[in-house]
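Please keep the sequence and the model in view while reading.

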Amino acid sequence: MPGSVITFDPVGLEQRVAELERELGAPGFWDDQRRAAEVSADHARLTRRLDRYRRLTQDYEDAKELLAMDGEMEQEIATSVVPLRRELDRLQEDALFSGEYDAGDALVTIHAGTGGTDAQDWAEMLLRMYLRWAQDRGFQTELLEASPGEEAGLKSATFTAKGENAYGILKAERGVHRLVRLSPFDQAHRRHTSFAQVIVSPLLPDDVDVELDENDLRIDTYRASGAGGQHVNKTDSAVRITHVPTGIVVQIQNERSQSSNKQTALRVLKSRLLEQEQERREEELAKERGAAQQADFGSQIRSYVLHPYQLVKDHRTEHETGNTQAVLDGALDDFVHEYLLAKAAGKVL
């Protein structure tokens, strides 16, 4: 409900784990392989979550006992509790994911927008930021495509992030990101504003079926090159697929064969189409409940100002920091956490 805040529920989690354990032990459980795999994965994921909660609770109780025994260690104990707070924030995030694909892997695409070479450089800066942040979160990433700009930076890039709640977490980043700085590509060193769009889709499992009409697809091949290639490629193995009805374009060049690139591109396209449909549903629900409309294509979700002052500000939650370099180096957790809480409270899309 709007205005409510979802909190972590250890009792409910214990009950759900017990239910799954009963299902795991039921006769004929493995007869339905697909269902069995889903239940086993849910059980493993929720058990890890419960174990984390119990460990954090024990660490907190140990810190309280130590403080009671020796008050002079207050500063040391306060320092040791800092990482516990961070883990508790992440545990709280787990309770905020209710979407069908939130617990799964994510597909992230970055497109340079208005701003020419500066925008392409900005797209590459965002890619670096997200890869660093994903590594810090413990996600496994794979760069599927990176199309270099004419002078510098990237026209576009696509990568996967695999790990628990990767899609649910990364959804916080979808939208237009705005950079304001003194341009390194302007001889007069004037201030420029650049834009880049971040698209986040669920990375669909192979067994999820999304219907595609081949008549709606335009498939082109070209020679792979640049930052996205993992080897010297002298054949036209890169694949670009355009979904004509929606205008969605997917290009993949990191595989060694044209058929592999086409297969990956089709999987990416299906994920993008599913995400587009989910965004449409979210916007309809937001209108029904009167939530603020924050997902317009032309409006930025976050601004990164490097000149004339230093500030990164999220326009959906009003969360901000003056430590711009830390953010560009991957310190995104606070922004993500604030967005997820606001979304759970019905304040943003």
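**Strand residues and helix packing**

Leaving out residues up to four places away in sequence, Gln251 touches Glu145, Ser147, Ser156, Tyr222, Val239 and Arg240, where contact means heavy atoms within 4.5 Å. The model is a predicted one, in which local features need pLDDT of at least 70, side-chain atom pairs count only at pLDDT 80 or more, and totals for chains, interfaces and linings use all residues. Residues are numbered from 1 along each chain as its sequence is written, and side-chain values use heavy atoms, with hydrogens and water left out.

Gln251 belongs to strand E8, residues 248–252. Helices (H or I, at least four residues) and strands (E, at least two) are DSSP runs, numbered from the N terminus. With a relative accessible area of 15%, Gln251 is buried; the term buried stands for under 20% relative accessible area, exposed for over 50%, and partly exposed for what lies in between (1.4 Å probe, protein chains only). Two of the neighbours named above also make polar contacts with the side chain of Gln251: the side chain of Ser147 at 2.6 Å and the side chain of Glu145 at 3.2 Å. A polar contact is a pair of N or O atoms within 3.5 Å; within protein, one must be able to donate a hydrogen and the other to accept it, and residues adjacent in sequence count only if both atoms are side-chain atoms.

Strand E8 also holds Ile248, which counts as buried at 6% relative accessibility. Not counting residues up to four places away in sequence, Ile248 touches Ile241, Thr242, His243, Leu269, Arg272, Leu273 and Gln276. The C-alpha atoms of Ile248 and Leu269 are separated by 7.7 Å, with the two residues 21 apart along the chain.

Which residue makes a polar contact with the side chain of Tyr304? The partner is His177, through its side chain, at 2.9 Å. Tyr304 is placed in strand E9, residues 300–305, and is buried, with a relative accessible area of 0%. Neighbours within four places in sequence aside, the contacts of Tyr304 include Trp122, Leu126, Met129, Glu173, Leu311 and Val327. Arg181 lies 123 residues from Tyr304 along the chain, and their C-alpha atoms are separated by 8.5 Å.

The helices may be considered next. The axes of helix H2 (residues 33–69) and helix H3 (residues 74–94) come within 10 Å and cross at roughly 160°. Axes are lines fitted to C-alpha atoms, for helices over the stretch in contact, and angles run from 0 to 180 degrees between N-to-C directions. H2 and H3 are therefore roughly antiparallel to each other, a label for angles over 145 degrees. Among the residues of H2 that take part in the contact are Arg49, Tyr53, Leu56 and Leu67, and the H3 side includes Ile77, Val81, Leu84 and Asp94. The residues of this contact of H2 with H3 divide into 11 nonpolar, no polar and 8 charged. Here Ala, Val, Leu, Ile, Met, Phe, Trp, Tyr, Cys and Pro count as nonpolar, Asp, Glu, Lys and Arg as charged, and the others, Gly among them, as polar.

H3 also packs with helix H8 (residues 333–344), at an angle of about 35° and with the axes 10 Å apart. Arg86, Asp89, Arg90, Gln92 and Glu93 in H3 meet Asp333, His337, Leu340 and Leu341 in H8. By class, this contact of H3 with H8 has 2 nonpolar, 2 polar and 5 charged residues.

How values were computed
Parallel < 35°, antiparallel > 145°, perpendicular 65-115°, else oblique.
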